[in-house]
Amino acid sequence: MSHFVIIGGGLAAASAAETLRAEGFDGDVTVVTREAHAPYQRPPLSKGYLAGAEGLDAVIVHPEEWYADNAIDLRTSTEATHLDPEAHTVTLGGGENASDTAETLHYDKLLLATGASSRMLPIEGADLAGVHTLRTLDDSDALAAVLRHGGRSLVLIGSGWIGMEVGATARTLGNSVTILEREAVPLAVAVGPEMGRVFQALHEANGVDLRTQVNVERIVGRGGQVTGVVVDGETVPADLVLIGVGAVPALELATDANLAIGNGVLVDAALRTSAPDVFAAGDVANAFHPVVARHQRSEHWANALNAGPVAAKSMLGQRVSFSQIPYFYTDQFDLGMELSGYPSLMAEAKLHVRGDVAGREFIAFWVDHGRVVGGMNVNVWGVYKQVQALIRSGDVVDLAALLDPNTPLESLLA
């Protein structure tokens with residue numbers, strides 16, 4: 001009987017396991033995750049779950065009973081320490097920080113969905129108590145234990161999506177929030193400076209002290225506990241600090257197996273790695289996208305949700321291609337947003353806006369030579385499918401009609 005092994009504890013792993021059974025695979029399936037929890041999704045960790053508005057059921061994809069009911073061997077708190085593609089084996093345990101007892105599993109197909117880990121700052125004080133990162137469920141629990149009571153001083157280093165979402169959640173819970181960013185505009189890398197200023201104004205209107213173009217020198221403390229962050233010679237008081245400066249793909253197992261690496265595990269459009277019968281999906285995978293004809297790695301929820309099933313079908317020998325339009329969403333204060341588009345194409349496109357930017361109710365379009373390559377709907381709902389259809393069509397659109405709020409987006413599709 002065939003044995004498929006999935007290494008990882010995120011949404012890509014969970015959706016791949018679900019798809020294998022849904023597609024009729026009746027062989028053995030083993031899911032291995034180093035965390036103590038069943039595979040889970042990450043978006044609530046900085047928003048609803050962190051705030052206490054959502055419970056574990058909004059985070060855990062399937063309860064542990066689901067794996068037993070579907071004859072899937074779920075191994076939690078288990079480290080995969082060595083992958084040998086030639087022998088088709090993966091070693092569990094026996095690593096430097098793992099159990100002394102190692103177990104070797106033989107696989108017919110294996111999926112790497114090892115995700116990513118928080119990027120750390122090599123600065124003094126990063127190891128003080130009260131200095132956090134946010135990547136795991138346990139990380140969110142640790143932050144929630146302090147923030148949910150309100151009245152604390154949180155300093156965020158970095159104004160990416162995680163930093164801005166946690167900042168909004170913490171402020172809503174009644175904490176003081178300072179965000180420190182070395183660039184001129186938050187989120188400019190993701191959505192450009194004009195749209196980044198929309199989020200900056202949103203946070204400032206809600207009492208966040210958002211400081212841009214600053215240099216974080218060190219984190220300071222007393223008695224091993226953080227007390228502040230030194231920024232351009234000034235000490236900003238802090239009860240707790242969150243370092244949110246991005247994530248790095250978890251490549252230890254892939255590197256050990258000598259897989260082709262380049263900003264993640266390099267895979268083709270069918271999510272196959274350089275080793276036979278080894279696949280990769282989710283945050284760790286740098287997949288070739290057939291539309292933009294280049295590799296791109298995405299750390300967003302939709303990538304994990306959609307790539308897991310593609311990887312599973314590819315493992316089953318089906319002819320598949322991971323060609324979904326990248327998609328991301330966020331909720332901050334009273335602003336909800338959905339973003340669809342190809343980052344590499346958006347970077348070279350011109351921004352056009354339909355609606356009321358000042359009122360934070362609009363759709364932003366990135367247009368390149370008359371073609372929509374990205375779209376961001378802000379507090380405008382029920383339109384992301386039309387936005388994606390415009391992007392997917394590749395058609396030249398009537399710009400005046402595109403920007404007219406009275407023109408239905410579906411009418412622009414041929």
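How many bridges join β10 to β16, and in which sense do the two strands run? The legend to View 1 gives the answer; every view shows a predicted model.

**View 1. Strands β10 and β16 run parallel.** Four bridges join β10 to β16. One partner pair across these strands is I157 with I243 of β16. β16 spans residues 240–243 and is covered on both faces. On one side of β16 the buried residues are L240 and L242, and on the other they are V241 and I243. In a regular strand, side chains alternate between the two faces of the sheet. β10, residues 153–157, is mostly covered, with four of its five residues buried.

View 2. H132 has L242 in β16 as its bridge partner.

**View 3. I162 is a residue of helix α5.** The helix covers residues 161–172. I162 counts as partly exposed because its relative accessibility is 35%, a value between the limits of 20% and 50%. Leaving aside residues up to four places away in sequence, I162 touches S46, L134 and L242. L242 is also one of the buried residues of β16. The C-alpha atoms of I162 and P43 are 9.2 Å apart in space, while the two residues are 119 apart in sequence.

**View 4. Helices α1 and α8 cross at roughly 35°.** Their axes come within 7 Å, and the crossing of α1 past α8 is right-handed. α8 consists of residues 301–315. From α1, the contact involves L11, A12, S15, A16, T19 and L20. These meet W301, A304, L305, G308, P309, A312 and K313 in α8. Sorted by class, the residues of this contact are nine nonpolar, three polar and one charged.

**View 5. The largest nonpolar core contains 94 residues.** L112, W366 and M376 have the most contacts inside this core. Helix α1 (residues 11–22) supplies the largest share, seven residues.

**View 6. F362 sits in strand β25.** This strand runs over residues 361–368. F362 counts as buried because its relative accessibility is 0%, and the limit for buried is under 20%. Not counting residues up to four places away in sequence, its contacts include M195, V198, V353, V357, M376, V378 and V380. F362 also touches R354, G355, D356 and N377. Between F362 and R152 the C-alpha separation is 34 Å, and 210 residues separate them along the chain.

**View 7. R360 and N379 have positive phi values without being glycine.** Phi of R360 is near 55°. R360 is placed in the loop between β24 (350–356) and β25. For N379, phi is about 55°. N379 belongs to the loop between β26 (371–378) and α10 (384–393).

**View 8. An open sheet of three strands is ordered β4-β5-β6.** Its pairing is antiparallel. The edges are β4 (80–84) and β6 (103–106), each of which pairs on one side only. Neighbouring strands are turned against each other by 20° on average, direction ignored. β5, residues 89–92, pairs with β6 over four bridges. Across this pairing, V90 has L105 in β6 as its bridge partner.

**View 9. Another open sheet of three strands has the order β18-β20-β21.** The pairing in this sheet is mixed. At its edges lie β18 (265–267) and β21 (294–296), each pairing on one side only. From one strand to the next, the twist averages 30°. β18 and β20 (residues 285–289) run parallel and are joined by three bridges. The bridge partner of L266 in β20 is N286.

Technical notes
Residues are numbered from 1 along each chain as its sequence is written. This is a predicted model: local features need pLDDT of at least 70, side-chain atom pairs count only at pLDDT 80 or more; totals for chains, interfaces and linings use all residues. Side-chain values use heavy atoms; hydrogens and water are left out. A nonpolar core is a set of buried Ala, Val, Leu, Ile, Met, Phe, Trp, Tyr and Cys residues joined through side-chain atoms within 4.5 Å. Buried means under 20% relative accessible area, exposed over 50%, partly exposed in between (1.4 Å probe, protein chains only). Axes are lines fitted to C-alpha atoms, for helices over the stretch in contact, and angles run from 0 to 180 degrees between N-to-C directions. A crossing is left-handed if the near helix is turned anticlockwise from the far one by less than a right angle, and right-handed if clockwise. Contact means heavy atoms within 4.5 Å. Ala, Val, Leu, Ile, Met, Phe, Trp, Tyr, Cys and Pro count as nonpolar, Asp, Glu, Lys and Arg as charged, and the others, Gly among them, as polar. Two strands pair if DSSP finds at least two bridges between them.
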